[in-house]
Amino acid sequence: MRTTPAGPADGAGPATPSQPVVEMSGITIEFPGVKALQAVDLRLFPGEVHALMGENGAGKSTLIKALTGVYSYDSGTVTVGGTERSFSSPAEAQAAGISTVYQEVNLCPNLSVTENIVLGREPRRRGHIDRRASRTRARAVLARLHLDVDPDSTLGTHPIAVQQLVAIARAVDTDCRVLVLDEPTSSLDAGEVAELFRVIRALRDSGVAILFVSHFLDQVYEISDRMTVLRNGQLVGEHRTADLPRLQLVQEMIGRELATLEDLERAAANPVPTDAVPRLSGRGLGRTGALAPVDLDVHAGRVVGLAGLLGSGRTELTRLLFGADRATSGELRMDGRPVRLRSPRQAIAHRIAFSSEDRKAEGVVGDLTVRDNLLLALQARRGWLRPIPRRTGDELVAKYMAALDVRPADPDALLRNLSGGNQQKVLLARWLLTEPRLLLLDEPTRGIDIGAKAQIQQLVAQLASDGMSVVFVSAELEEVVRICDQVVVLRDRQKVAELDGATSSVDDVVDLIARGGRS
Amino acid sequence: MTVSDTRPTAPDPAAPPPAGPGGRRPWQTWLRSTTTGSRTFSVLVTGVLLVVLFGTGSARYENFGSPQVALNLLVDNAHLVVLAVGMTFVILTGGIDLSSGAVVALSTVIAASLLEAGWPAPVAIAVVLATGALLGWLMGAAVHHLQLQPFIVTLAGMFLARGLCFVISVPSIPIRDPFFQSMAQDVVELPGNTFLTYSVFIALAVLVAAVWVLHRTRFGRTVYAIGGNESSAALMGLAVGRTKVGVYVISGTLSALAGLLFTFYMLSGYSLHAIGMELDAIAAVVIGGTLLTGGAGYVVGSLLGVLVLGTIQALISFDGGLSSWWTKITVGVLLLVFVVVQRLTTRRARPGT
């Protein structure tokens, strides 16, 4: 897409920039059993790009949904343009000038660009749609964003990035004072991001307040004027971007959990003989659009941690190692022999096990019993024609339930009735039953209580000292540094460094994540 | 961001001609980039096929090429044109209406039995149309409010309508009403010693109205939007529910109207009329280039689809030596070919391929 030189801004901005157009204060939202947001404040100023920062589960989406009328809040106030408002639907919020563009484009790919912009509010003349006026209006809003897109072209023929810009055009076609962009850059390449940012700046200069959510720190620093940081549903702080060093931002986002867990005793790490062939070795392993090529060695008896913020490529890498996504570049060797993993079945045949990040959607089967869940992977490995004998099954289930301390200790309980931590243990045990040589754990300790967390960490250490290779992914850097022998730091879908787990500290990792290893 | 997918916005005299990168010719760019592009292409293919079929017939059989043979395609299929137009509305939203053939039969039976009972023709016609609209509304409401599969709902509607025919009358009822008689027999003389029936004009009027509704009203554009992405359409604030119910009401009403045209044609009401006619309509819609998944296609294509079916039938009856089952076999093969062509063109229309 070509750009025309930026014209003079459309002077629609409210008068005083010191007056926020949106002011949310003391917003508290409780879901059954969880305080999703606790007394959070957010101020959006006209003509400013405001970044909302926080890790997964920090409450960013909840706060956006409270603003746009998707969720109702339990206490707090929302003031828009000086008057207190409470929206009960996104349509109401939009009528008040608050538009939202989501990560996945919510438009109709089969219709023209013009129609996608004006659909539902087409100009009409004598009872039918005035196509010429529609096109004129679409052209006007595209011109306002300096977008050179043919208004008659079909939306679906354009790349996602252009479709996203058209979605923004639709959002600002109405009288838009606040534009919420939820992860708009997650599927764009660098050039497309630059184009998006140009559009965002043009809107900002015309007086629109923009709320921008992204996991990419570089982008946030490039585009935002102000930031609000959330952690665990609480407000950590609001800063001007220029006044907030990256290191401090990352620390605020990740937080410093107090050393509630006793340090695990590690037998001075597990030394690697220099001549040993790694159990798993990846060279230039990558996938277009998901992960830049990465080198990775995992030796027998070692725990390798993948550290990085959400979206840094840690999940993408584990999925490549399990064959859940196909690598588009590089090669993978197991015990020195080249292997190609085209599907999880092949990975399982190589005795690789993968415990997924999203255990509800991709892992456990809630409506089966603990016993059935435990035996699932082993049965799959044996093939369906060779059922596991009842007694062998019972013995295995009893053994692993005891070893992992699954509670309640009832193999016939339905899995969905177990707590998150115990579900995670069952998922782990399922893979351990298949005696894997390489265990991939993506966020095994997320959302589980601290006791279960400690048990899982201990188990990982135990498994490694028994000779298993483990790849351990976690957003909690303390955990990674504590239990891993080797830490691979990822940032913006690239590997930026590899540290020795025994000699490095959380601060080293934070520093690398913030600065990308260029310091 | 690439320039490749967009044409220059305005005709700029200074700009070079729109030669796409990668040696893509302007017409290919047009095919890829315009709303009308690949769908117009499908309709064109159907049009060319129609001309080829008709040309083949003219070359092989004496008198096939006479103007009246061509006009008879419309005369004999006016009811199917109306049925296919209604079906196009439903298929554009991504739905299907299996009840339409049975509604045609029900319409013939209701019309015939009311006329037999001495009702005036206009009242009988109004009752038939209202019945079709009501059945359509019931099915549309079930599809939208109960979120049931259109396939199952309209299958139930099909059995219901067909069953009602038998409740009203098992034997065929002849029609002697003067209005229906005149609609069946009177023709409009055209130059060149040719003629059309009134039914043809009704069918063409329906077609024109459908084109206007689909392309120039919010209702019509919402039909396309729902076919493109229903949840997006809802998030864009469009009247998804009203529109979804609306297309079934339209299909039901047009099925009843098709039933009236069929009654004019057959001059009888019979429970076993129009068996499988809904499938002919679906075939015509698909051959006319409309995607079964919804969101893309034209009613004009459906007209061409009906004419293609009619031409195949004419070819086989002119031959005389072939069994009429060859019609079905040819239509089956054509349908398969068209679905494959559709798959290939939609694949091409996606970005990045």
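**Exercise 1. Find what share of the residues of chain B count as buried, and describe the chain as a whole.**

Step 1. A residue is called buried under 20% relative accessible area, exposed over 50%, and partly exposed in between, with a 1.4 Å probe and protein chains only; by this rule, 52% of the 353 residues of chain B count as buried.

Step 2. Before reading further, note that this is a predicted model, in which local features need pLDDT of at least 70 and side-chain atom pairs count only at pLDDT 80 or more, while totals for chains, interfaces and linings use all residues. Residues are numbered from 1 along each chain as its sequence is written, chains are lettered from A and ligands numbered from 1 in the order in which they are written, and side-chain values use heavy atoms, with hydrogens and water left out.

Step 3. Chain B has 14 helices and four strands, where helices (H or I, at least four residues) and strands (E, at least two) are DSSP runs numbered from the N terminus.

Step 4. Chain B exposes about 15700 Å², of which carbon and sulfur atoms supply 69%; accessible areas come from the Shrake-Rupley method with a 1.4 Å probe, and for residues only the protein chains shown count as cover.

**Exercise 2. Decide which parts of chain B have pLDDT under 50.**

Step 1. The predictor's confidence in each residue, pLDDT, runs from 0 to 100, and chain B has a mean of 85, with 86% of its residues at 70 or more.

Step 2. Over residues 1-24 of chain B pLDDT stays under 50, although the model has 37 contacts beyond four places in sequence for them, a contact being heavy atoms within 4.5 Å. Residues 30-36 of chain B also stay under 50, with 32 such contacts.

Step 3. Where pLDDT is low, the predicted coordinates should not be read in detail.

**Exercise 3. List the buried residues of helix α9 of chain B and say what they pack against.**

Step 1. Helix α9 spans residues 218-228 of chain B and is mostly covered, since eight of its 11 residues are buried.

Step 2. These are B:Gly220, B:Arg221, B:Thr222, B:Val223, B:Tyr224, B:Ala225, B:Ile226 and B:Gly227.

**Exercise 4. Work out how strand β10 of chain A is paired and covered.**

Step 1. Strand β10 takes in residues 209-213 of chain A, and five of its five residues are buried.

Step 2. A:Ala209, A:Leu211 and A:Val213 point one way from the strand, whereas A:Ile210 and A:Phe212 point the other way.

Step 3. Two strands pair if DSSP finds at least two bridges between them. Strand β3 (residues 49-53) of chain A runs parallel to β10(A) and is joined to it by three bridges, and A:His50 has A:Leu211 as its bridge partner.

Step 4. Strand β9 (residues 178-182) of chain A, also parallel to β10(A), is joined to it by five bridges, and A:Asp182 has A:Val213 as its bridge partner.
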